Amino acid sequence: MGAHAVTSSDVRGRWNGRSYRIIRTLGSGANGQVYLALENNRKYALKLSTDATGIALEYRLLRQLQNKLQSGGTNTVQGFRLGPFVSDLDDAVMEDGKQVFFYTMEYIAGIPVSSYIRDIGFTAIRSIALQLLDFLQQLHEIGYAFGDLKAENVLVNPITGEVRLVDFGGATRLGEGIRQYTEWYDRATWHTGSRRAESGYDLFAAAMLLVKLLLPDTQKIIPGRSGFIKIRKHLSQSPATRAWLPMLEKAWRGGFRNARQMRVAVLQIPVSDREGKGSKGTGRFFRKIDRELSREWDWSHWLVIGSAVLSMSMVLRLFMVK
């Protein structure tokens, strides 16, 4: 329910009058399709659906997070935002006569978190965990659980390491039943709790996301008591992964009252690179950056690259001075 393929190259809002040219499909969200769209030479991600209620809920939630950041709340990290900024909410009538609903948000260029960890190295997992937990704390404080937290919904900027979540279709008001979930990350599937939207539900999902990053092959394990035994066995085989086990077990049991507590536990885990990527891994990482930059990155990302190159050239010049 909610999906509608765009057959026309343009989507024009009936009420706000803004017109977007569809460039390509970015993916499928929980209740609709997401497209890369262009308006006045500016790129947006446009989520389109026949589900008016779902689209309005996502837009309202993202707007709340945006307002929270801009108001500088006491628990808001300066400049920290995992959710995209939204800019337009409207509906349109397509060429086939069907009414659709959409909102636009900033276009986020990034690579999947699993690919990022595979290329940049094991030590980046802690930074990703801390960013996710900061975001979950903010989300819970305004009364929502993310719901469908999974690796596929997490992108990482390969230059800055900044994490972004890209699908808010599963966000659910605290106390209500979770509307969208993925079995591997769902505590009810693992028989450790209900599908009620609360902080513990998201923290369990965050723990399972970390398991996937630490041990990518373990997602083949069938959820359940025997599944936890197998995960513990795999984690115990390496000192680097074994260090994460106490924190993960506490999250599985629902032992953290909030994301802030879990964040403190993550900070206490010693940083260690399980394998050491070396020059081969670094080469793969920068080739991936080259691919991403050649696709859809805008002037702000090129500014970051230019600044880095300029800094490096200045350092080299100092070394060359006799």
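1. Helices (H or I, at least four residues) and strands (E, at least two) are taken here as DSSP runs, numbered from the N terminus. On that numbering, Arg 14 sits in the loop that links strand 1 to strand 2 (19-29). The model under discussion is a predicted one.

2. Arg 14 has a relative accessibility of 46% and therefore counts as partly exposed, since the partly exposed class lies between under 20% for buried and over 50% for exposed. Beyond its neighbours within four places in sequence, Arg 14 contacts Asp 90, Asp 91, Ala 92, Val 93 and Gln 99.

3. Six strands form an open sheet with antiparallel pairing, in the order 1-2-3-4-6-5. Strand 1 (10-12) and strand 5 (86-93) are the edge strands; each has a single partner strand, so one side of each lacks a neighbour in the sheet. From one strand to the next, the twist averages 40°.

4. Within this sheet, strand 4 (residues 42-49) and strand 6 (residues 99-106) run antiparallel and are joined by six bridges. Lys 47 has Tyr 103 of strand 6 as its bridge partner.

5. The largest nonpolar core comprises 69 residues, of which Trp 244, Met 247, Leu 248 and Trp 252 touch the most other members. Helix 4 (residues 199-214) supplies the largest share of this core, 11 residues. A separate core of 12 residues includes Val 11, Tyr 44, Met 94 and Phe 102.

6. Residues up to four places away in sequence aside, Leu 248 touches Ala 207, Leu 210, Val 211, Leu 214 and Leu 235.

Technical notes:
Residues numbered from 1 in each chain as written. Predicted model: local features only at pLDDT ≥ 70, side-chain atom pairs only at ≥ 80, totals over all residues. Heavy atoms only, no water. Core = buried A, V, L, I, M, F, W, Y, C linked by side-chain atoms within 4.5 Å. Buried < 20%, exposed > 50% of the residue type's maximum accessible area, 1.4 Å probe, protein only. Contact = heavy atoms within 4.5 Å. Pairing = 2+ DSSP bridges. Axes fitted to C-alpha atoms, helices over the stretch in contact; angles between N-to-C directions.
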